[in-house]
Amino acid sequence: MSGILVTGVGIISAIGNSVNENRASLINKVSGISALSLFNTRYAGLRPCGEIKIETEQLKHLLNAFEKGVTRSSLLGLHAFMEAVADAGLSTRQLQHPGTALIGASTVGGMCLTDELYHDANRDDEGSAYLSSYDCASVNLYLQEKFGIGGIVNTINTACSSSANAIMYGARLLQQGYADIAIVGGTDSLAKFTINGFNALHILSPEHCAPFDRDRKGLNLGEAAAFLVLERGENIKGKKVYAQLTGYGNSNDAFHPSSLSDEGDGPYLAMLQALSVAGMEPSAISFINAHGTATENNDIVESEAMIRLFSRVPSFASTKGNTGHTLGAAAAIEAVYSILNLTHQEIYPALNFKNAIEGKGLVPVQEYQKTAVKNVMSNSFGFGGNCSSLIFSTA
Amino acid sequence: MDLEEIVVHLFSPPRNTSTNLTTTTGSNFKSQISNHFMFIHYNNCISTQQTFEKTDLEILHETVDNKLKAIEPSYEGIPPGILRRMGKAVRMGVGCALPALQEASQANGIIIGTANGGMEDCIRFLNQIIDYEEGMLTPGNFVQSTPNAIAAQLGLMTRNKQYNITHVHRGLAFENALLDAMMKLRELPDAIYLLAAVDEISDYNYNIDYLDGWYKKEPVKSKDLYSASTTGSLAGEGAATFIVNNREANAVACIKGIQTLHTTNENTVKQACSEFLSKHLKPGEKPDICITGENGDSRMLKYYSAVESVFDEATTIARFKHMSGEFPTASAIALWLACNLHSLPAHCIKKQGTVKHAENIIIYNHYKGSQHAFIWVQRLEKIKPGLH
Amino acid sequence: MEKEQLKQQLKQQIIQFLNLTNVKPEDIKDDQPLFGEGLGLDSIDSIELIVLLSREYGISIQDPKEGRKVLVDINTMVDYIIQHRTK
């Protein structure tokens, strides 16, 4: 694969409202995990989350977005989308060109409005303002309409690996000539629905999550959005380029509806395929942004898969301790972090790690480092065995 | 297929093929779209009509309370221990696709389009959250409610560790899945994929769309759908599955082009239709049949009229929503119909054309007035037009 | 409630809760393992059974390891219910 370049990035997460703010937080070991304060759930004080401390109404004012039925997910998406598009210097005319694609991912969509959805689905009254906003596609359809995106628009949901697949799909549209510019990413906001879902599976931690730690107690949910602007090499004419997307892989673990196999075939195959598409040996990877959710199952399986694939496991860390697990946005925000690794030649430490997992012995990076970074692999694995891996390289 | 085979299979071709493909420039990106033909082999459908195992479209199964519910088989291929957990969407999707995967056990991937996946499980879990005040909840509904549960379950049941993806872009979920399959087949020319679509009508999403004005308020019989002058349509559901590859031998049909667009302007749709035709048809060539997604909603008729006006007396205009009902991935049912046109019954024909074959078929569908798609299908079995 | 009666009731509840459509109460033996080779239940089912114990018998099991000791077969479940039920 050649010439898929990243020319713009945008992000909002619990550790910052822009790319620069996110980078500063990563360098300074800032955690965005806290007690929920912006919406009502009985788990507000019991299950800390990576909540973006801007109320939905405030986001509307900030973004001047007052359309009927606009949801928090869409607003977060809009925030990141606008930063990425401005960063890449895309004009309205370019956005409306039939060669401009928008490929996003979401698993929550408008279901952040759990109570409204309950009343509408059970037809308790006349219907809320959000009848058209509940599904996963609502975020991208909102952006499509608002900006008149002229090309292919799509939404992907492969659970926690969704936005890796959105990035992949966008890159393939570019490679095959179905698009000239692909704006790719993902958005998810916190919802009573997902908090209760993950809690029912007993995988939410009552403490700040500790990726790859022996005594990890589960994940913290988070909310975020990120978009990247991808363009083909021959089209960019002297524009600034952050990085290239050089590899991608998608594989299914085919083991269990909500957990990964001990051998980690899905994670292993996704990473292996990403290397193969990039034409790289495992040793070419400088750093891995691991999925590292801090669940019992993920971290041990991901460790196993990394050990299987790499004769010497490269430096790695998970940023879930900073942002929480942002589900459909996770791979997109971590793509931004991987790109920051490359553009600034630095790696960010994992938080809350104390002891290595017994029998695996893998220790994530724990201090900020300035170091040579050439190729970064970013992993995302989800429910239903949906595993994906991306490789970004210096431009 | 074991792990080593997968590794060999997955990883050689993309580098070479993609280098060839990146030579496109901005100005001619559209022409690239039509270059690749994808062949449909095995195909299967669970719908609100008798389409699974034995097809009989002459008897029109009617609506009950303005809902057309799927005629589900007994799902003998699904072990009871697994079937017990499945909601309807997962059941229909898996039940429809399993026989296809048995035909193509070496499939290089599972590509699904579904707008909502297991909507019923989703709201059941939601009801638990509210009814038990976020107390101890059973996670089964939550796990089954994620739209990727269908592709995931298929991967799990057939031990398929390869490409696995779920497109959920509402009314274009299936079209994006189809485009994904076409791209995959350019990247891996010898590959074979399972392409499928499914959506269910649960009481809950019926309620939401009803409140939003997408279903008829007065009782309407299926056969009267197109003569109703009111807003809204009939609710439907279904699943369709296609095994696709690049091999023409024994194929039933060929996908020659797809175009999606987002607009609320009927003139833009009309223009897109003309461009789509001129791109795909040789000068003087006319489509034999256009299957449209006309759905009885008076507000949506303008789009269908705009598209029909592009065709002259040569082309037959056919409709299918009175059989399938309206749902986001209904175009997959139209594609299945196009593959099985020998059984297209008289009640589907809106206007009989003069062309004597049923070979070149255009499917035009749109969802909720904003997501439009054209699919050009060529049937490979040459038979007379579909009047029984 | 007699122990035997409780066993019957629990079997009914398990069938209903886990939607075991092809299983009748008499098909489940008291000492048949619930998981793996026995009834073929899995980890998601084990969580569902913990919810069943909570909703039907007012028993709260917080520690999954505790759950594994209780959810062995009908006998172990019934013994635990008799000792710990709050309703």
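1. Let's begin where two chains meet: 71 residues of chain A are in contact with 61 residues of chain B (contact means C-beta atoms, placed from the backbone, within 7 Å). The largest share on the chain A side comes from α9(A), with seven residues. By class, this side holds 27 nonpolar, 33 polar and 11 charged residues (Asp, Glu, Lys and Arg count as charged; Ala, Val, Leu, Ile, Met, Phe, Trp, Tyr, Cys and Pro as nonpolar; the others, Gly among them, as polar).

2. A word on the model: it is predicted, with local features needing pLDDT of at least 70 and side-chain atom pairs pLDDT 80 or more, while totals for chains, interfaces and linings use all residues. Residues are numbered from 1 along each chain as its sequence is written, and chains are lettered from A and ligands numbered from 1 in the order in which they are written.

3. Chain A also meets chain C, with six residues of chain A in contact with four of chain C. The chain A side here has three nonpolar, three polar and no charged residues.

4. Next, look at α7(A): 14 of its 14 residues are buried (20 or more other C-beta atoms within 10 Å of a residue's own, C-beta atoms being placed from the backbone). Just after this helix, G177(A) has a positive phi of about 80 degrees.

5. In chain B, eight of the nine residues of strand β11 (residues 371-379) are buried, so the strand is largely enclosed by the rest of the structure. β11(B) runs antiparallel to β6(B), joined by nine bridges, and Q259(B) has F374(B) as its bridge partner.

Note on methods. Buried ≥ 20, exposed ≤ 12 C-beta atoms within 10 Å, placed from the backbone. Helix = DSSP H or I, 4+ residues; strand = E, 2+ residues; numbered from the N terminus. Pairing = 2+ DSSP bridges.
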